[in-house]
Amino acid sequence: MTALTMPTRPGHDARLRAVPWRRMAWVTWRQHRAALAGVAVFLGALAVYLWLTGLQIHHAYATACHPASSLACTINFTGRYGPTAIVVSIFLQAVPALIGAFAGAPVLAREMETGTFRFAWTQGFGRWRWTLAKLVLLAVVVAAAAAAFSVLYSWFSQPFFAAGYTIPFATRVFDLGEVAFAAWTLAAFAIGALAGMLIRRTVPAIAATLAVYAALASATALYLRQHYMTPLHTSKLNLPGSAWLVSQWYTKGGKFAFGAHGFQLVHAVSQLCPPRIGTSGLSPAQCLTQHGYTAWTSYQPGSRFWPFQWIEGGWLLALSVLLIAATVWLVRRRAA
Amino acid sequence: MTMNIIETSGLGKRYGSTWALRECTLAIPAGHVAALVGPNGAGKTTLLNLAVGLAEPSAGGVTVLGDKPAGSPAALDGIAFVAQDTPLYKNLSAADMLHLTRNLNRRFDQPYAETRLAELGIPLNRRAGKLSGGQQAQLALTLALARRPRLLVLDEPVAMLDPIARHDFMATVLTAMADDGVSVVLSSHVLAELERVADYLILLSRGRVQVAGEVAGLLASHRMLTGPTTEADKYAERPVVHVQRGGAQTHLLVRATADDPVPPGWEAHPVDLEELAMAYLREPGAGALPGPSRGRGTQPSEVTR
């Protein structure tokens with residue numbers, strides 16, 4: 001066989017124009033439409049339930065809660081629908097994690113598992129561009145779906161806020177807010193994508209995503225969120241109803257005495273106001289106030305709800321960008 | 001003057017503490033069907049992964065299509081790779097696979113791809129996962145060729161195929177080679193099929209290049225000598241590659257041309273590619289690296305480990 005000289009083709013020089021980004025839209029859709037349809041069906045079913053239940057809730061609130069403090073409101077509205085609202089809000093906590101795990105983790109894990117990355121990454125598009133385009137498109141779609149869903153949820157839960165049954169800052173509803181819910185879904189997706197790239201197997205990557213998400217969401221709710229802005233302090237006992245109580249403690253003579261919970265307080269009360277038979281007794285707070293203690297409360301006022309939503313949304317967005325960038329970097333340098 | 005379609009210098013790849021490929025220096029000229037042959041674990045897949053940019057070298061370097069770094073946009077544009085077991089998206093139809101590949105590349109010859117699939121009897125609406133093994137391999141090959149690459153890299157393309165599918169697959173490769181002048185580099189541990197298709201041979205053993213050169217030149221420079229076993233040791237000074245001792249007769253595969261004198265009482269036969277490859281594979285210490293490569297002479301050079 002004779003050695004052939006390669007025919008020169010136009011465009012084979014260094015000034016090669018890259019394959020346009022927009023081509024990834026079709027590719028992403030065709031490859032992940034099943035996952036996206038799954039997300040749509042899942043959120044859609046939940047939305048139908050929220051809508052139907054929400055109509056009853058709004059009706060009950062409108063008929064029974066004039067004023068919200070009335071006994072009728074307590075019986076026919078909060079008594080009847082409060083437990084439902086609690087169950088719904090607890091269940092919805094898992095939704096971003098589920099979307100992130102089932103839509104995010106397989107994106108790269110499945111390519112690794114089935115070997116198709118050898119096909120995808122040797123096409124002209126280039127592997128890091130392929131990864132970036134795919135992840136950004138999917139991330140935007142799932143975050144937008146979550147945002148739309150959270151608007152419906154805020155309509156659903158609005159009567160409970162109006163009746164003072166729940167405050168918007170409550171742990172189980174804050175991250176269902178319009179900004180936070182989309183941001184948590186985005187973060188879960190980004191965690192899933194990175195886990196898939198690191199673990200390279202779909203099922204373990206899904207499990208890891210759920211675990212990491214649960215840890216991050218719990219740590220945020222328990223330790224982090226209250227520090228977004230410096231809490232306000234007051235010695236007044238009647239806080240506005242929408243305030244989020246962060247902590248309480250007692251002082252005496254301008255010095256810290258003890259926290260509002262714990263052994264020291266119980267001990268002090270039993271010393272100062274020993275229980276006597278036949279008297280109704282004082283509450284611990286009344287007892288301590290009589291003996292010169294001052295009760296202090298630190299709290300986040302309800303007016304900070306939206307700043308807190310944006311702060312949480314902001315750092316989750318930054319985290320997601322970082323995680324997606326890390327995933328793309330791993331794809332770029334990974335040795336097959 | 002032909003360019004080198006794959007050129008490596010001191011190329012090495014380490015996974016953990018194990019070298020899958022080391023000190024690999026070779027130049028595969030354009031215009032060949034080059035066969036990369038070696039036992040399992042010899043480093044064939046590693047070398048191909050490095051050439052197509054899927055893996056990063058631990059040592060040395062690799063360029064493709066003349067002087068382009070492996071994995072660069074220009075390299076990806078000009079090289080089509082069909083990986084081992086021909087991975088495809090199993091839940092996509094053949095038509096979707098075409099559309100997907102078209103979207104991911106600057107060039108895609110849709111009429112060629114559709115014509116080929118029609119000839120092969122592969123329905124466009126059939127999902128890739130529902131196709132037979134041979135059809136999946138043909139679909140993967142069609143996707144690769146429709147990109148109009150200058151280099152087609154095939155990793156163990158026929159290992160999983162039955163003889164008929166294997167024949168059809170290689171026929172497609174040879175047709176593309178003849179029609180478009182696409183260069184082909186394929187790895188295989190199936191020696192039987194190579195004689196018909198390969199005109200350039202690279203033997204890899206234990207992560208090192210043992211033999212590299214044009215098949216015609218390699219066959220012309222090797223002879224099988226057959227003679228009495230009692231005299232076999234007299235030829236130790238000759239460049240013997242492999243000794244196969246029988247009861248009365250011994251076969252020596254030696255480096256010699258047809259013009260070299262044959263000792264009295266011995267017979268010389270030409271060797272075929274399979275015999276040659278087998279002889280070297282049985283003697284991982286032997287080596288021959290003739291053939292065109294950068295700046296070096298064309299004389300065979302001995303490699304001793």
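In the predicted model, helix H3 of chain B is largely enclosed by the rest of the structure, because seven of its ten residues are buried. The buried residues of this helix are Ala94(B), Met97(B), Leu98(B), Leu100(B), Thr101(B), Arg102(B) and Asn103(B). Their packing partners come from both chains: helix H1 (23-64) of chain A takes part, together with helix H4 (110-120) and helix H5 (133-146) of chain B.

The contact between the two chains involves 33 residues of chain B and 30 residues of chain A. On the side of chain B that touches chain A, at least two residues each are supplied by helix H1 (44-52), helix H2 (73-78) and helix H3 (94-103) of chain B. The most is given by H2(B), with five residues. By residue class, this side of chain B consists of 17 nonpolar, nine polar and seven charged residues.

Chain B also contains an open sheet of six strands with mixed pairing, arranged in the order E6-E7-E8-E3-E9-E10. Strand E6 (79-82) and strand E10 (208-214) of chain B have a single partner strand each, so one side of each is left without a neighbour in the sheet. From one strand to the next, the twist averages 15°. Within this sheet, strand E3 (residues 33-37) and strand E8 (residues 183-188) of chain B run parallel and are joined by five bridges. In this pair, Leu36(B) has Ser187(B) of E8(B) as its bridge partner. Helix H9 (residues 273-282) of chain B packs on the sheet, where it touches E3, strand E9 (200-205) and E10 of chain B. The direction of H9(B) makes about 25° with that of E9(B).

A further pairing in chain B is that of strand E1 (residues 4-15) with strand E2 (residues 18-29), which run antiparallel and are joined by eight bridges. Thr8(B) has Leu26(B) in E2(B) as its bridge partner. The hairpin of E1(B) and E2(B) has two residues between the strands, and Gly16(B) in this hairpin takes a positive phi near 65°.

Backbone geometry was also examined at individual residues. Most residues other than glycine have a negative phi, and most peptide bonds are trans. Glu23(B), which is not a glycine, has a positive phi of about 45°. Glu23(B) is found in strand E2 of chain B and counts as partly exposed, because it has 15 C-beta neighbours inside 10 Å. Asp85(B), likewise a residue other than glycine, has a positive phi near 60°. Asp85(B) is located in the loop between E6 and H3 of chain B, and with 18 other C-beta atoms within 10 Å it is partly exposed. In chain A, a cis peptide bond with omega of about 0° joins His66(A) and Pro67(A). Pro67(A) is found in the loop between H1 and helix H2 (71-93) of chain A.

Chain A is divided into domain 1 (23-229 + 303-333) and domain 2 (244-274 + 282-300). The C-alpha centres of these domains of chain A lie 40 Å apart. Helix H8 (residues 202-224) of chain A has 23 residues. From its first C-alpha to its last, H8(A) reaches 31 Å, close to the 33 Å expected at 1.5 Å a residue. The residues Thr202(A), Ala205(A), Ile206(A), Ala208(A), Thr209(A), Leu210(A) and Tyr213(A) of H8(A) are buried. The buried residues of H8(A) pack against helix H3 (95-114) and helix H7 (178-199) of chain A.

The loop between H8 and strand E1 (232-234) of chain A contains His227(A). His227(A) counts as exposed, because it has 11 C-beta neighbours inside 10 Å. Between His227(A) and Thr116(A), the separation is 111 residues in sequence and 45 Å in space, C-alpha to C-alpha.

Chain A also has an open sheet, in which four strands with antiparallel pairing follow the order E1-E4-E2-E3. Its edge strands, E1 and strand E3 (255-259) of chain A, each pair on one side only. Neighbouring strands of this sheet are turned by 35° against each other on average, direction ignored. Strand E2 (residues 244-252) of chain A and E3(A) pair in the antiparallel sense over four bridges. Tyr250(A) has Phe258(A) in E3(A) as its bridge partner.

How values were computed: Residues numbered from 1 in each chain as written. Chains lettered and ligands numbered in written order. Predicted model: local features only at pLDDT ≥ 70, side-chain atom pairs only at ≥ 80, totals over all residues. Contact = placed C-beta atoms within 7 Å. Nonpolar A, V, L, I, M, F, W, Y, C, P; charged D, E, K, R; others polar. Pairing = 2+ DSSP bridges. Domains from an automatic or database assignment. Axes fitted to C-alpha atoms, helices over the stretch in contact; angles between N-to-C directions. Expected span 1.5 Å × (residues − 1). Buried ≥ 20, exposed ≤ 12 C-beta atoms within 10 Å, placed from the backbone.
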